[in-house]
Amino acid sequence: MTLSPLSRRVLGGLTFGVLALIYVPLLVVVANSVNPSQSMTWPPDGVTFDWWSRAAHSDGAREALVTSLQVAVVATVLALILGTLLALALQRYSFFGKDAVNLLVILPIALPGVVTGIALNNGFKGIMGVDLALWTIVVAHATFCIVTVFNNVQARLRRMGTSLEEASADLGAGVWTTFRLVTLPQLRSALLAGGMLAFALSFDEIIVTTFTAGQGATTLPIWILNNMFRPNQAPVVNVVAVVLIIFSIIPVWLAQRLSSDVEGVR
Amino acid sequence: MSATSADTRPGRTTDPALRGPVARPGSRLLHRMVWLRLSLLLSAPLAWMLLVYVVALAALLITSLWSVDSLTSEIDRSWTFDNFRTLVDNEVYRTVTLRTLGVAVAVTVIDVAIALPIAFYMAKVATPRVRRMLVVAVLTPLWASYLVKVFSWRVVLSEGGLADWTGFGSPGYGLTAVVITQAYIWLPYVILPIFASLERVPDSLLEAAGDLGAPSGLVLRSIVLPLLVPGIVAGAIFSFSLTMGDYITVNIVGGANQMLGNLVYINAGAANNLPLAAAIAMIPIVVMLVLLTAIRRTGALDNL
């Protein structure tokens, strides 16, 4: 099939046009962080750093950030452990009910967010009879973060094959020694990628979080949601949004570094 | 480890006849007993998923068959179909369900329509260097915070915002704004699976069809499109399910409109009617189950 030069150009124009449009709203947020107008009318008629200094002194935002980091770190560690165990079990063994387990891991993220949210909310409040708190958010986040680690580790295990592990066992290494010295080093970048995804997923999650957060537990997304509608807080929220946009470049950059490392090995 | 100490240990001799196991007894046991290894690996994650999630889902189904005593607002644990009767009889729930499904369908159709040409350009027209650049350009917004993206549309569509200024005019906060915002947020999730399945279509296939005289339109329709069905379905499931389960976007840019998620949230919280909330949550579950069983035949689920 040969595309005419015209259709190539149309396709190219469309692609670049849409991809450029994707960045417009984000750039507007960045520009508005220095917009003197509190209601963020466009175009900005000047430059001010008032919102930045107000955001820097906002205790609420800082506390929410710390809470979010705590939740994300614990949820990621749990997801790394559980996801890796599960990937090892499903990739290296065959057993009855394997497909069901496979489906079960994907379910928390495949089902619509409100479903997972209300199920856990009802599970905590109605069935277990506990009050929602910070740890209930952690449990919820870990549950839907397992799948990202699981996917990455499972894909890596599939590509690794078992020959190195078998060689290690033939040479007399025990199960734990083989895992520590042979399997784990090969999994390192998969764990990093899966962990990074899990961290980002948890740090950013809002729907399930609103269903599982206790009274005092304010993660950063909850803080943003609560303050977005207050006219005098909206510009501060805008600054926090810009900080988050800047932070979101880090994993992209890391992923690029990781993939170029892989290519270097090849 | 120094060489001398290694040589004194029975397991490290080079004479095969003298070689004993190096591993500790526990490790040898593990090596022999496959089921023991497997159950050690599986027990923790499986227990977590069962106790936290499967129990919660089962409890959700049971709770939807309970009711709330209107006087004491205690949960009455006797079985009843009242909640589901309310869902069917009450006009509000029908309207909101249809609205939610409508928004989800609109978002999915828009995203697939935009994703197809972009994915095609990325996979089949662009040079490898441009392709890598485009993949990064599609992936980067995925990492940007969900709330930031919704907030940015709230700002763009606000009165006196960018949309007003460009002269197109802003649709204002309402269902149109919800569809735009959701289509924007989930677009990368639709582009990526379609792009992945396009990359798997060999170029030689397209060349052969062209050499045999098929015009481009025919090649696209009868060769490329059928091969893309799994990718399209995977992307469509993503955007449909994600839109259906979202109620934050409609809060932020939807004006006074409500989606199913809002009703679930209100009943679980302020209205203190967990059984009704559970029953409402059954609607998206049933929709997804019907959708997934219908789609299973296409084999698209293997691509998720």
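Student: How many Å separate the centres of domain 1 and domain 2 of chain B?
Tutor: The model is predicted; local features need pLDDT of at least 70 and side-chain atom pairs pLDDT 80 or more, while totals for chains, interfaces and linings use all residues. Residues are numbered from 1 along each chain, chains are lettered from A in the order written, and side-chain values use heavy atoms, without hydrogens and water. Domain 1 of chain B covers 22–52 and domain 2 covers 84–303, with bounds from an automatic or database domain assignment. Taken over C-alpha atoms, their centres are separated by 41 Å.

Student: What area is buried between chain A and chain B?
Tutor: Buried area is the accessible area (1.4 Å probe) that two parts lose on being put together, summed over both. Carbon and sulfur atoms give 80% of the area between chain A and chain B, which is about 7,600 Å².

Student: How many salt bridges are counted between chain A and chain B?
Tutor: A salt bridge needs a side-chain nitrogen of Lys or Arg within 4 Å of a carboxyl oxygen of Asp or Glu. Between chain A and chain B the count is zero.

Student: In which helix of chain B is confidence lowest?
Tutor: Confidence here is pLDDT, given by the predictor for each residue from 0 to 100. Chain B averages 85, and 90% of the residues score at least 70. Helices are DSSP runs (H or I, at least four residues), numbered from the N terminus. The highest mean in chain B is 94, in helix 5 (residues 91–125), and the lowest is 46, in helix 1 (residues 3–8).

Notes:
Helix = DSSP H or I, 4+ residues; strand = E, 2+ residues; numbered from the N terminus.
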